[in-house]
Amino acid sequence: MLRIELTHQFADFALDVEITAGDGITMLFGPSGAGKSTIAKSVGGLLRTDQAYVQLGDRVLADTSRRVWLKPYARRIGYVFQEPRLFPHLSVQGNLLYGAGRDADLRRIADLLDITPLLARRPAGLSGGEAARVALGRALLSTPSMLILDEPLAALDARRKADILPYLERLRDHANVPMLYITHALDEVARLGSTLVLLRDGKVARSGSVKDVLSDPDAVPVLGPRMAGAMLEGQVVRHVDGLTQLAVSGGLVWVPGTAGAVGTKMRLRVMAQDVIVGTHKPHGLSALNILPAKVVSLYRGDGPGALVVLQSGADRLLARITQRSLDEMGLAPGDAVYGILKTVSVGPTDVFAGMD
Amino acid sequence: MINLPPEGWDALWLSLRVAGLSTLLSLPVALGVAVLLARGRFLGRGILNGLVHLPLVLPPVVTGYLLLIAFGRTAPIGVFLEDTFGLVLAFRWTGAVLAAAVMSFPLTVRAIWLALEAVEPGLEEAAATLGAGPVRVFATVTLPLIAPGILAGAVIGFAKAMGEFGATITFVSNIPGETQTVPSAIYSFLQIPGGEATVWGLVALAVGVALGALLLAEMLSRRVAARIAGRA
């Protein structure tokens, strides 16, 4: 477990955070300038903040009040930067083994990341995606107690990003290293994260499990109304006509594509702006996914919009509707309604494989 | 074939020995000073920088004279070296080595400094996060990346040492067989009637060695760029 307490005064804003990161991937999410990278660098020992207390397991890595500040090489924290930063004078294998201890398993990590065929190559001959994977492997092979990924996909284009994401999932599921993942991309949060810490203006605006924070209406101002939405977990039931049927706690939903074998657990993201609320079960509607739900609460925004929090089985859904519709429908907490998920809202890029 | 009197060959042999030895001895010091100047943030960095570059801007005769004042047989350092190590510098070929080293030092330092600044600091940072302490980072990341720069610095320093004249002749004079290097020999033969043929031979050799060294330096610095960019 990682405990972080930091304060740092910048010219134009102050960073003041307390964060606890457990197993799995803890996502630090926020707009640029929120202080994400400063936190990562301070934990890694690369940037000395005004005040810092960093504890990893039972080791205190930094405690400025007692003048403790371990150098980066003494922290046993693997660091994956935005750029791969591979050593140009060493082969891929030389890079991978640079920080490796005796019990590091080169073969296993290289196989996990599909870089075994690249071992003899020089970094200059690698594609962006290959280099990113080698950088991941190199950090893992240094057998760190924790891995920091500082926007590891931000420098890659959409296609390369899609190539790397499955490998990050594999690491999450098989590498047994807790990770602190810095990002400003919500799709990475929804796909990879276990815990989510929302940062805004140098403060923790919200934190909790990814599922809870994403469907928390109070988090919407930080996420932005367009990015607000719930994350559901489902299990593949069957494939028909190029569609996949998934069982979620509140019923069955169809999503395009045939990702995942029957029984596979999946993550689904349902954006608030793609959910329509109906008081009666609709007929003659092109949308395939209609889930019975109950109104939990209503939030009126400053503008014309309003958020409706729906309980569907064990899951929460967010629906973004206009205040006008809200008043006309006379919705109130406790009302039985139907959440209509526009099929397009459950697109393939927002359907994520592999929860365990 | 170049036809030279024995003094000419002696001068060439001495020049090669002086330049080779001065390069070899000053290279580790130059590396250390370049690292201090490129990476160090300490009091007196400006003074060190000025001191290193002084031989580049002073008239060589002045440098030679200052060496004589510091390392002459009656000067404090000169007395100390003679009493402790039996090492005499003034008017000996060993002094020519010192003069050549001092004069070529700024060029060598600058070449290594440039190579150091071309090293991507992110690579050293990455090495540190992989558990490497400062010494290991320097030995396994910095040093390999600047190796071509060090070689280029050595070559340019060697060429400078081969051509050194002013400080050498002031500090160790122009004694055939002892301190007469190629430039000093050219100077001497120019004073002798009928010495032109020897002068031409020595000039040809000097030009050849200097040109060869420069071409080598050029090739090596190209390799620095290629290597750091990861193309080699």
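Val68(A) lies in strand E6 of chain A, residues 68–69. Strands here are DSSP runs of E with at least two residues, helices are runs of H or I with at least four, and both are numbered from the N terminus. The model is predicted: local features need pLDDT of at least 70, side-chain atom pairs count only at pLDDT 80 or more, and totals for chains, interfaces and linings use all residues. Residues are numbered from 1 along each chain as its sequence is written, while chains are lettered from A and ligands numbered from 1 in the order in which they are written.

Stay with Val68(A). It counts as partly exposed because it has 13 C-beta neighbours inside 10 Å. The scale is simple: 20 or more other C-beta atoms within 10 Å make a residue buried, 12 or fewer make it exposed, and partly exposed is in between, with C-beta atoms placed from the backbone. Leaving aside neighbours within four places in sequence, Val68(A) is in contact with Val60(A), Ala62(A) and Asp63(A). Contact means that the C-beta atoms, placed from the backbone, lie within 7 Å. Tyr53(A) is 15 residues away along the chain, and its C-alpha atom is 8.9 Å from that of Val68(A).

Now cross to chain B. The contact between the chains takes 20 residues from chain A and 18 residues from chain B. On the side of chain A, strand E7 (residues 77–80) gives the most, with three residues. That side has 11 nonpolar, five polar and four charged residues. Ala, Val, Leu, Ile, Met, Phe, Trp, Tyr, Cys and Pro count as nonpolar, Asp, Glu, Lys and Arg as charged, and the others, Gly among them, as polar.

Chain B has 10 helices and zero strands. Its C-alpha trace spans about 70 × 45 × 30 Å along the principal axes. Of its 232 residues, 43% count as buried. Among contacts in chain B with a separation of 6 or more, 76% join residues 24 or more positions apart.

One helix pair shows the packing. H1(B), residues 6–39, meets H7(B), residues 134–163, at an angle of about 140 degrees, with the axes 9 Å apart. Axes are lines fitted to C-alpha atoms over the stretch in contact, and angles run from 0 to 180 degrees between N-to-C directions. The two helices are therefore oblique: angles under 35 degrees are roughly parallel, over 145 roughly antiparallel, 65 to 115 roughly perpendicular, and the rest oblique. Residues making the contact include Ser22(B) and Ala30(B) of H1(B), and Gly153(B) and Phe158(B) of H7(B). By class, the contact has 10 nonpolar, six polar and no charged residues.

Definitions and conventions: Two residues are in contact if their C-beta atoms, placed from the backbone, lie within 7 Å.
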